[in-house]
Amino acid sequence: MRQDILLLHGALGSLQQFKELKELLSENFNVHVFNFSGHGGNPINQSFSIDLFGNDTLAFMQQSGIVHPSVFGYSMGGYVALKLALKHPDLFKMIMTLGTKFEWTKESAEKEVKMLQHDIIEEKVPRFAQVLRERHSPVDWKTNMQHTADMMLALSSGDAMTTDDLQQITTGVIICVGSEDNMVTRQESQWAAENISSAQLLIAEGFKHPIESVAKDQLSQLLTRHLSK
């Protein structure tokens, strides 16, 4: 039987970003994708949090009858997967993250939030604003962005996982970061990998942070090599 693999998207993202990757992975896995609350057209009923998205994941797995899948979490999706693994040690077979940020200090959060100002994005990067508008319709993409900024500030104020949290994770984990990622450092990725006893660090040569810029055939090969065991 083919293994189940669950793909978790990042902040401001949606399942549509996994379209090509899903097709490639379907040769070897049963691939499952969904949208977190407030993303991809899903309504926003409360403030964003990693726990909210974790609950979304549990609900989707239950509704879809998915048991003990491997997980690929891109950026925020990787954080969601790890937080779930902390709370539910037997939930996942294996986790691979890509471009997941672990350093949530006040300074790092403020740096991220500065890039989430919708009025500036509309003025300076109108094409990106239009992408977000279409991606999250009928939800207002500006509301999504504000909730995301608030969540990042909350992470820096005590909601982020600690060293002790990471040390309690027993699921097998591969922390992957692109060699050209300008949002997530190798140092913070190495810190996470060193504190999860069952984790290893993988540097993906040539990968940048945006999932759109990642070569999907290379990513599919990485996931197949490490998760189809």
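**Figure 1. Secondary structure and overall dimensions of the chain.** Helices (H or I, at least four residues) and strands (E, at least two) are DSSP runs that are numbered from the N terminus, and by this rule the chain holds ten helices and six strands. The model is predicted, so that local features need a pLDDT of at least 70 and side-chain atom pairs count only at pLDDT 80 or more, whereas totals for chains, interfaces and linings use all residues. Residues are numbered from 1 along each chain as its sequence is written, and side-chain values use heavy atoms, with hydrogens and water left out. Along its principal axes the C-alpha trace spans about 50 × 35 × 35 Å. The radius of gyration, taken over C-alpha atoms, is 17 Å, which agrees with the value near 17 Å for a compact globule of 229 residues under the rule of 2.2 Å times the number of residues to the power 0.38.

Figure 2. Where contact means heavy atoms within 4.5 Å, residues 24 or more positions apart account for 75% of the contacts with a separation of 6 or more. The accessible surface, from the Shrake-Rupley method with a 1.4 Å probe, comes to about 10,900 Å², and 48% of it belongs to carbon and sulfur atoms. Lys and Arg count as positive and Asp and Glu as negative, without His and the chain ends, and each charge is placed at NZ of Lys, CZ of Arg, CG of Asp or CD of Glu; the mean positions of the 20 positive and 27 negative charges are 4 Å apart.

Figure 3. Helix H4 covers residues 106–114, and its buried residues are Ser108, Ala109, Glu112 and Val113. Seen down the axis of H4, these buried residues fall within an arc of 135 degrees, so they line one face of the helix; the arc is that of the directions from the helix axis to the C-beta atoms. An α-helix has 3.6 residues a turn, so residues three or four places apart point the same way. Turned away from the buried side of H4 is a face that carries the exposed residues Lys106, Glu107, Lys111 and Lys114, while the cover of the buried residues includes helix H7 (141–159).

Figure 4. Leu132 belongs to helix H6 (residues 126–136) and is buried, with a relative accessible area of 1%. Apart from residues up to four places away in sequence, Leu132 touches Leu12, Trp141 and Met145. The C-alpha atoms of Leu132 and Asn144, which are twelve residues apart along the chain, are separated by 9.3 Å. In the loop between H6 and H7 lies Pro138, which is joined to Ser137 by a cis peptide bond with omega of about 10 degrees.

Figure 5. Most residues other than glycine have a negative phi, and most peptide bonds are trans. Leu12, in the loop between strand S1 (3–8) and helix H1 (19–25), has a positive phi near 70 degrees and is buried at a relative accessible area of 11%. Ser75, in the loop between strand S3 (70–74) and helix H3 (76–87), also has a positive phi, of about 55 degrees, and counts as buried at 15% relative accessibility. His39 lies in the loop between strand S2 (29–33) and helix H2 (50–64) and counts as buried at 0% relative accessibility. Beyond residues up to four places away in sequence, His39 touches several residues, among them His9, Leu12, Phe53, His136 and Asn144.

Figure 6. Ile95, placed in strand S4 (residues 94–98), counts as buried at 0% relative accessibility. Its contacts, leaving aside neighbours within four places in sequence, include Val71, Leu82, Ala85, Val173 and Ile174. Ile95 and Arg127 are 32 residues apart in sequence and 33 Å apart in space, C-alpha to C-alpha. In helix H9 (residues 186–195), the buried residues are Glu188, Ser189, Ala192, Ala193 and Asn195, and they pack against helix H8 (163–167), strand S5 (172–178) and strand S6 (199–204).

Key
Buried < 20%, exposed > 50% of the residue type's maximum accessible area, 1.4 Å probe, protein only.
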